[in-house]
Structure formats: C-alpha cells, structure tokens
Amino acid sequence: MMDQTASGQGFVRGFLWFTVPATVLILALLSLTDASLKGALVRFVNAMLTSFTLVSFVLLTTLFAYGDTRKRPLAPLFGMVLMVGFGALITYFFLAQGDLLMENNGSIRAQALSNIIRFGTTVLGMAVALVVVGGTLLGSLLNSPPKHILFEEE
Amino acid sequence: MQAFVFFWLAGLFFLLGALVAFFSKDRLQRRIGLVLGGLGFVSLLATPWTISFSPSSAFGHLLGSVIGPTVLLAVGFYQIAFSGNVPVGRLTKQDRLIGVLMVMMGVLWFEAMHWWHLTPTYPDDVNRYWLIFWPTMLLFGFACATGAHSLVGLVGQERHREQRLMILIALFTAALMLMGVFINGPAVSSEMFTVELLLAAADLFGVMVGAAVAIVLFSLVLVVYEKQQLPPKRLDPPTTEQLAAASHTIAQHLAGGEE
C-alpha cells in the first residue's frame, strides 16, 4: 500500500516536472514578446481530435496481438472500432461547423488531411527529442562505473 | 490518385508495417511488416519527385531533410552507450569516440538548419513542416529533460551525473528557444519562430491530451471485457479414493518405500 502511494506520488511529481517548466517557459515567452495566442486554441483542438483518432487506430491494431493471448475476442475489437469511428465522426462534425476549426484550408477533407500530416510532423519532432534525451541518459548510465553492493559479511 | 497511392497509402503501409514488425510473433509476418514499412517509408521520402504538385510532398521533403542528422544522433548514441559497461557485445573506445563525433555532427547539423543556410526550403519558401518540427523538437526535448531529471532522482540513487546532464539539455534547448525568439535566423525570422513555438506548444498539448484520452478509453474497453468473462471453472473437491491415493504416495516418499 505504501509502495503504491509512493509510486503514485512519484508519477505525479514526474508529470509536474514534465509539464510545469515547459508551461512556465511558454508563458514567460508570451509575456516577453508581442506574440498573441491567435489560432492556438484551434490548433490545440485539431491536434487533440486527430491524436485521439489516430492513437485509437494504433491501439486497435495492437488488439490483434492481445487476441493472440485470448480466444480472439470480438468485443474489445468492436469497442475500439467504435472509438475510432467516434473520433473520425466528431472531427468531421467540428470541421463542418464553418470556421470553428478550419485553418487555411479550402475544404473539410483538406483540413483533415493537413491535421494528419501535422500530427506526423509533431510525432517526428517528439521522436527525435526522445532520441536525444534517451540517448544521453542511456549513454551516461551505461558508462558509469559498475556499483558493488557491499554486504556486512564482506 | 497519385497523391493517394504515393503518400497516403505509403503512409498506411509504413504504419501498419511497423506495427506488424513490432508486435507479430511470427518471423515471416515480421519480415513482411519490415518490407512493407520500408517500402512505405521510401515512397514517402520520394514524394518531392513522385507527387511534387501536391502540398503533402513537403512532408516527404522534411523527412529527407532530417533523416541525416537523426541517423547520426541515433547511431552516435548507440555507439556511446554500447561502448560502456555492457556484459556482451561491448564496442571499443574508438567506437565511442566516433559516436561522440557523430552526436556532435548531428547536433551541429540541426543547428545549421536553423542558424545557417541549411534550412529546408520547399519549393521556394521555408518548408512549412520544418517550422512545426523544429520548435516541437526543442519544446518536447526541454519537457522530457526536466521530466527525466525528476524521474532519475526518483528511480535511481546517486545519479547526480545523469541529473546534471538532463539540466544541461534543458538549459541548452531553452537557450535555443530563447535565441530563436529574439534573434533572426537567415531564413526564419524571430517573429515567425515565436508564433510557431506557441503553435507547437498547442500541438504538443493537444497530441498528449488526445493520446491520453484514447489510452484511458482503450484500458476501459479491456477492463470491461475482462470483467465480463466468466471465472474459470473450479475443480470438484477430491474424492476419498483420490485422497487415499495421494496419502499413499506421500507416505511412500516420506518413509522411503518401494520406489
């Protein structure tokens, strides 16, 4: 029980360290420059809907691996198909509401495709950043001198 | 039609190929996945030539532009990591030196793409996806470095060197962002970079929130399914004959009987 509480607190602490400094940095940049947040909300919602739909699709495909360990159940597969469909429908619905989520694209289809490519670009940027941070961490950990545990008997 | 085949279908092949190669247990399926993913990736890379009329080809151009420094970084870090204290397959010190040089070249290459004349330009202006990629990478690198700083302190003991390295990366990426905001690059002005940085922050938060909701719902789907399963059939209690046979066998082993 204590371990669970400690790991929960650790997770919250890690999450806060992950998000708060970046948010503070962005807010500081906003206050130091004349930049406005125009268009940021539209980008946020577009990114969120696209991410929900595409990540659901990727998770849907992982269900085939899950099915190997069960008797190939149809219920979770159906649930995830519903989720992907829901994501696609809600994206279409919001894009169809005039200028609500439209950027510089002429049609709903063009906007949806543009969202997907932008999602790919964001994921690419995240992946390269992970290579840098993860590579540095792994490189340092594996180049540290091995630690010996000294028992009392020794 | 051409854009559908060379870009969207290729993208789907790449994604599905990578997933099959990663998750499948069957060797043949993994190979097919790798080939499919590879073909899709090559087709995406070739889009500036195959579908140059389509705006989507700018993404292929970005892939081609960043693949060089990314491979340098990935291979460089691999060389550094596996020339350390690994039990098998340790690389030599020379490999480590080459790794360090590769990482430095990769970082310099990326810097030159913003601060020198190597900025990806497609067809005549700065590639619009580069304007999304670069601030996203810096901001996410900053967030990951600060998050990893906390996690390393939490999981490991006496990991001060790793924590210092994470602070160094966070400071480096923050400095790059601040420089981009206040100093004009040869192709990207400071105003343009500031706007793109804010939009990259919106993109990142959106992607993370959307992914988190999808993962939570995915977990719920599995939990609901698993909870609806009937409990496994319980065996009947042993009969008198079975108990007698078991006690006979146990007694034989304890007393050192016939066997």
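Leaving aside neighbours within four places in sequence, A:Ser140 is in contact with B:Arg161, B:Glu162 and B:Leu165, where two residues are in contact if their C-beta atoms, placed from the backbone, lie within 7 Å. The model is predicted: local features need pLDDT of at least 70, side-chain atom pairs count only at pLDDT 80 or more, and totals for chains, interfaces and linings use all residues. Residues are numbered from 1 along each chain as its sequence is written, and chains are lettered from A and ligands numbered from 1 in the order in which they are written.

A:Ser140 is found in helix α4 of chain A; helices (H or I, at least four residues) and strands (E, at least two) are DSSP runs, numbered from the N terminus. A:Ser140 counts as buried because it has 20 C-beta neighbours inside 10 Å. A residue is buried if 20 or more other C-beta atoms, placed from the backbone, lie within 10 Å of its own, exposed if 12 or fewer, and partly exposed in between. The C-alpha atoms of A:Ser140 and A:Ala88 are separated by 43 Å, and these residues are 52 residues apart along the chain.

Chain A has four helices and zero strands, which gives the pattern α-α-α-α along the sequence. Of its 154 residues, 33% count as buried. Among the contacts in chain A with a separation of 6 or more, 57% are between residues 24 or more positions apart.

Within chain A, helix α3 (residues 75–95) and helix α4 (residues 108–142) pack at an angle of about 125°, with their axes 10 Å apart. Axes are lines fitted to C-alpha atoms, for helices over the stretch in contact, and angles run from 0 to 180 degrees between N-to-C directions. The two helices, α3(A) and α4(A), are therefore oblique to each other; angles under 35 degrees count as roughly parallel, over 145 as roughly antiparallel, 65 to 115 as roughly perpendicular and the rest as oblique. Residues A:Thr91, A:Tyr92 and A:Leu95 in α3(A) meet A:Ile108, A:Gln111 and A:Ala112 in α4(A). This contact of α3(A) with α4(A) has four nonpolar, two polar and no charged residues. In this division Ala, Val, Leu, Ile, Met, Phe, Trp, Tyr, Cys and Pro count as nonpolar, Asp, Glu, Lys and Arg as charged, and the others, Gly among them, as polar.

Helix α4(A) also meets helix α6(B): their axes come within 8 Å and cross at roughly 40°. The pair α4(A) and α6(B) is therefore oblique. Residues of α4(A) in this contact include A:Thr121, A:Leu124 and A:Gly125, and those of α6(B) include B:Phe133 and B:Phe140. By class, the contact of α4(A) with α6(B) has 15 nonpolar, five polar and one charged residues.

The contact between the chains takes 65 residues from chain A and 63 residues from chain B. On the chain B side, α1 (2–23), α4 (57–81), α6, α7 and α8 (190–228) each supply at least two residues. The largest share of that side, 22 residues, comes from α8(B). Its residues divide into 46 nonpolar, 13 polar and four charged.

The largest nonpolar core has 89 residues, of which B:Phe133, B:Leu139 and B:Phe142 touch the most other members. A nonpolar core is a set of buried Ala, Val, Leu, Ile, Met, Phe, Trp, Tyr and Cys residues joined through C-beta atoms within 7 Å. Helix α6 (residues 130–155) of chain B gives the largest share of this core, 16 residues. Apart from neighbours within four places in sequence, B:Phe133 is in contact with A:Thr121, A:Leu124, A:Gly125, B:Leu62 and B:Val66.

In the loop between α5 (93–115) and α6 of chain B lies B:Pro123. The peptide bond from B:Tyr122 to B:Pro123 is cis, with omega near -20°.
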